[in-house]
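My entries follow in the order in which I made them.

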Amino acid sequence: MDVSGGSGQPRSGNDEPAEHPAGPTAPTTGTTDHPGPEPHDAPTPPPPADRDPGTAEDTPTEPPHPTTGRDDGDTDAGEEAPAAGTRTGSREHRTLAHSGIAKGEPPRPPAKEPGGGLLMGRPFGVPVYVAPSWFLVAALITWVFGGQLDRVLPELGAARYLVSLFFAVAFYASVLVHELAHTVAAIRFKLPVRRIQLQFFGGVSEIEKEAETPGREFVLAFVGPLLSLVLAGIFYLAMKPVQPDTVPGVLLAGLMISNLIVAAFNLLPGLPLDGGRMLRAVVWKITGRPMSGTVAAAWVGRALAISVLVGLPLLNQSGALGGGGEEISGMDTVTDALLAAILAGIIWTGAGNSLRMARLREHLPELRARTLTRRAVPVETDTPLSEALRRANAAGARALVVVDSEGHPLSLVREAAIVGVPEHRRPWVAVSGLAQELTDGMRVSAELSGEELLDVLRATPATEYLVVEESGEIYGVLSAADVERAFVKAMARPS
C-alpha cells in the first residue's frame, strides 16, 4: 500500500460513513521517462476486496441521526477517538439501524485494477509489461522508418518494413534498459518497484516509495539518462567498422540517435521527466523540504509543456529539426501540431500529478488507524442478528465482532451480509453465518498511520479489519471504505 477493551467494552472511533470513491489512482513514487504518464508518487489506498451485493461502501450517505437531527459523518481523520463507551457533548455516535449497515441499495460493481498489458518477463523480480499503446507506436515507427529506408536503401523493397520493425523493437529494448537502470537503483535503495511498463512515448518504472534523501532521488533519476547515453556510445562505436549505406549501418545510426534524443529529452528540468526529478532533488537539498522541490520542478514542467506545444511546430517549420528547406505541406503542419499537443498534454498532466501526489504525501500522516476505527460491540457466535444489532444501537456502535466465550475475537460480521438479510428474518439468523473469519493480515495495530497503514491494508485486501491495541485488546473495526474516503479527502485538501 488488522471492539472493545480487554473487559469487552466497545471503544469509540471515527463513525464516518463510508462512501465508495470513484477509484483514485495511486500513484506510487515513480520515475517517468520519455514523457509517459506520471506514475503515482505516493502509496495508493488499499485495493477493495471482493464485495457482496449491498455492501455498505456502496450505500448512500446516511440521513441525520434521529436524536440529534444532523449528520455527523464528516469527521476529519485528525480527530482522536473518545474513550471506550463515551459520548462527547458535541456529537452522537450513530447506530447500526440508522447507518448504511442496516439498509442499502444495489451496489456498483467493484472497479477492477487496470492491467499492465502483455507480461514480457520479470527481470530482477520486477514484472515488465507492454501496454497496448506500444503496438500502435511500433506500427507508426515501422511505417515512418520504412519510408526513410526507402530513400537510403531503395534496393530493400518491401523488406524495409521488416528492418523497420526490428528497429522499433530494438529502440524499445533500449528504453527497457533505461527503465531497468531506475529499477536497479531503486532496489539498491530498498525501494519496492511495482512494475515496468512500456507504453506510448516511452516507459515508466513504478516505484512505490519516495527516496529518503535528495541525494538518492538525484541518483535514482540520473541513472536512466546516463544509461541511454552509454547505449548511444556503444552504438556509435559499433558503427565505426560498419559501412554507413548498409542495413546494419543504418540501424546502428538510428539507435545511436534515438538514444541521444531519449537522454537529452529526459534531462530537461521539468517533471515528470528525469531532469525534473533531478531539479526536485536539488531544490529539496537547498530548502530541506521535498514539497518545495516538487512545486518548483512541477511548474518548470508545465512551462516546458507550453514550450513544446508552441515551439515544436515552429522548429519543424523553420527546418531547425532537419527539415532542410523542404516545402512543408498542410498535412505536415497538422501532424507537427498534433504531436506537440500530445507531448505537451502528457508533460502537463504528469507535472500536475506530481503536485497532487506530493500534497497527498504531506497529508498521509493524518490517516491513522486509531482515528478512522469504528466503534464495535462483541457478540458470541450464536447471537441472533436482531439482538446483535440491538446491542450495537444501544452502544452507538457501527460494527460487530464475533468472540468466543472468553472474549477472544473469531470473526467480523460483514456489513454487506447484514444488508442482505431482510429485517423479518434477523431474529432467526445467527451472526456467525454472516461473519468473515479473521486472518493474521486482518489484525491491524491501532498505532499504524500513513504509508505504513496503507501498506498493511494493501497486503491483505478486505472490507473490514480488526484493530487491536499493542496489548492485544480489541480497539474496534476499520473499514477499508473509510480509509479510501479519508484518502480522497486528503487528496482534495490544500497544502
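**Entry 1: Helix 2 and its neighbours**

I began with helix 2 and helix 4 (residues 247–266), which pack at an angle of about 35 degrees with their axes 10 Å apart. I note at once that the model is a predicted one. The crossing of helix 2 and helix 4 is right-handed. On the side of helix 2, I found V163, F166, F167, A170, F171, S174 and H178 in the contact, and helix 4 supplies V247, L251, G254, L255, S258, N259, V262 and N266.

I then looked up the extent of helix 2, which covers residues 160–188. Helix 2 has 29 residues and reaches 42 Å from its first C-alpha to its last, close to the 42 Å expected at 1.5 Å a residue. Just after helix 2, I recorded a positive phi of about 60 degrees at K190.

Next I asked at what angle helix 1 and helix 2 pack. Helix 1 (residues 132–152) packs against helix 2 at an angle of about 130 degrees, and the axes are 8 Å apart. The two helices, helix 1 and helix 2, are therefore oblique to each other. I recorded this crossing of helix 1 and helix 2 as right-handed. Among the residues of helix 1 that meet helix 2 are W134, I141 and F145. Among the residues of helix 2 that meet helix 1 are Y161, L165 and Y172. I marked V163, F167 and F171 of helix 2 as residues that meet helix 1 and that also take part in the contact with helix 4.

**Entry 2: A hairpin**

I turned to strand 4 (residues 193–199) and strand 5, which pair in the antiparallel sense over six bridges. The two strands, strand 4 and strand 5, form a hairpin with two residues between them. In the turn, F201 has a positive phi of about 65 degrees. I found L198 opposite G203 in strand 5.

Is strand 5 enclosed by the rest of the structure or open, and why? Six of the six residues of strand 5 (residues 202–207) are buried, so strand 5 is largely enclosed by the rest of the structure.

**Entry 3: Two single residues**

I looked up E217, which is found in helix 3 (residues 214–239). Is E217 buried or exposed? E217 counts as buried because its relative accessibility is 2%, and the cut-off for buried is under 20%. Not counting residues up to four places away in sequence, E217 touches A211, R277, R280, A281 and W284.

For a second case I took L118, which lies in strand 2 (residues 118–121). L118 has a relative accessible area of 46% and is therefore partly exposed. Leaving aside neighbours within four places in sequence, L118 is in contact with V128, Y129, V130 and F135. I noted that L118 and V128 are 10 residues apart in sequence and 8.3 Å apart in space, C-alpha to C-alpha.

I followed an open sheet of four strands in the order 6-7-8-9, with mixed pairing. Strand 6 and strand 9 (435–437) are the edge strands, each pairing on one side only. From one strand to the next, the twist averages 40 degrees.

Strand 6 pairs with strand 7 (residues 400–403) in the parallel sense over four bridges, and V379 stands opposite V402 in strand 7. Strand 7 and strand 8 (residues 409–413) pair in the antiparallel sense over three bridges. The bridge partner of V402 in strand 8 is S411.

In a regular strand the side chains alternate between the two faces of the sheet. Helix 9 (residues 385–395) lies across strand 6 and strand 7, running at about 160 degrees to strand 6.

Strand 10 and strand 11 (residues 464–468) run parallel and are joined by three bridges. I recorded V468 in strand 11 as the bridge partner of S445.

Note on methods:
Residues are numbered from 1 along each chain as its sequence is written. This is a predicted model: local features need pLDDT of at least 70, side-chain atom pairs count only at pLDDT 80 or more; totals for chains, interfaces and linings use all residues. Side-chain values use heavy atoms; hydrogens and water are left out. Buried means under 20% relative accessible area, exposed over 50%, partly exposed in between (1.4 Å probe, protein chains only). Two strands pair if DSSP finds at least two bridges between them. The expected span of a helix is 1.5 Å times one less than its number of residues. Axes are lines fitted to C-alpha atoms, for helices over the stretch in contact, and angles run from 0 to 180 degrees between N-to-C directions. Angles under 35 degrees count as roughly parallel, over 145 as roughly antiparallel, 65 to 115 as roughly perpendicular and the rest as oblique. A crossing is left-handed if the near helix is turned anticlockwise from the far one by less than a right angle, and right-handed if clockwise. Contact means heavy atoms within 4.5 Å.
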